[in-house]
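Open the model in your viewer and keep the selection panel at hand. The tour goes one selection at a time.

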Amino acid sequence: MEQLVEDIARGNVTEVKAVLASIAAALAVYQLILIVVGYGKVRPPFLSAGAAAWTHRASGDAIVVLVVAVGLGCLGYFGLDDDGAVHAITGAALVVVLAAKIAVLRWFHGLGRFLPVLGTLVFLLLAVTWLTSAGHFLATGES
Amino acid sequence: MRRPPAAVQMLGSLLVALAIVLVVVAVVSARLGPGGGVDREDRAKERQQQREDVLKEREKRLKDLRDDG
């Protein structure tokens, strides 16, 4: 697995991970703006709630792919060590909450009232996971 | 101001997402600098050294725990 990840990233695993995780984090900020419009809390003249919600879902699908790819690469290449405990815990929690949110969206519609809470949790966990890895790497150059 | 058609709104908001992706790739790549010439052997040695350090640290902790007990 380690060799496969290294081959895919052409030896720049940390750098590729930093770019992909940063894209996911930036899109997550955009997601917040879109869903605020989607719920009608803000009504810009150029974007309807329906269009904002549609883009929120499309962008969210892209974020899920990025999170899964980065998570698998991270786990396969770096594994689990004591130094990255916070990153590992928030990363695992992010996957769990993201899976719960998708489950509510797809199958458990009755729990839809929890979507804003789950979405906020996903954003916060993604932010902390990014800060403790890619953000730290970009700020200090240490992986 | 009249709202544009729904398809235009969707396309526009998707293009904003695409622009965000492109800006992030450009900014992060610029921050990282050129990486195409990374020496794999150097990287592998660095990883091996990190692993050995972690193992040594764990062994030291285990020894300390045994000594305390």
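Select helix 4 and helix 5 of chain A: helix 4 passes helix 5 in a left-handed crossing. Remember as you look that this is a predicted model.

Two packed helices are described by the angle between their axes and the distance between the axes. Here, helix 4 covers residues 85-106 and helix 5 covers residues 115-140 of chain A. Their axes come within 9 Å and cross at roughly 155 degrees. Angles over 145 degrees count as roughly antiparallel, so helix 4 of chain A is roughly antiparallel to helix 5 of chain A.

Now show the side chains where these two helices touch. On helix 4 of chain A, pick out contact residues including A:Val86, A:Thr90, A:Leu94, A:Val97 and A:Lys101. On helix 5 of chain A, look for partners in the contact, among them A:Leu118, A:Gly119, A:Val122, A:Leu125 and A:Thr129. Color by class next. The contact of helix 4 with helix 5 of chain A has 14 nonpolar, seven polar and one charged residues.

How far apart are A:Leu32 and A:Gly119 in sequence and in space? They are 87 residues apart in sequence, and their C-alpha atoms are 8.6 Å apart. A:Leu32 sits in helix 2 of chain A. Is A:Leu32 buried or partly exposed? It counts as partly exposed, because it has 13 C-beta neighbours inside 10 Å.

Next stop: the contact between the chains. Select the touching residues, 24 from chain A and 22 from chain B. On the chain A side, helix 2 (13-38) and helix 3 (49-78) are the elements that give two or more residues. Helix 2 of chain A gives the largest share of that side, nine residues. By class, the chain A side divides into 15 nonpolar, seven polar and two charged residues.

Move over to chain B. Which secondary structure does chain B have? Its count is two helices and zero strands. Chain B has 69 residues, of which 6% count as buried.

Finish by coloring chain A by pLDDT. The mean for chain A is 89, and 96% of its residues reach 70 or more. Where among the elements of chain A is the mean pLDDT lowest, and where is it highest? Helix 1 of chain A, residues 2-8, has the lowest mean, 74. Helix 2 of chain A has the highest, 93.

Technical notes: Residues numbered from 1 in each chain as written. Chains lettered and ligands numbered in written order. Predicted model: local features only at pLDDT ≥ 70, side-chain atom pairs only at ≥ 80, totals over all residues. Contact = placed C-beta atoms within 7 Å. Helix = DSSP H or I, 4+ residues; strand = E, 2+ residues; numbered from the N terminus. Nonpolar A, V, L, I, M, F, W, Y, C, P; charged D, E, K, R; others polar. Buried ≥ 20, exposed ≤ 12 C-beta atoms within 10 Å, placed from the backbone. Axes fitted to C-alpha atoms, helices over the stretch in contact; angles between N-to-C directions. Parallel < 35°, antiparallel > 145°, perpendicular 65-115°, else oblique. Left-handed = near helix turned anticlockwise from the far one by under 90°. pLDDT = per-residue confidence, 0-100.
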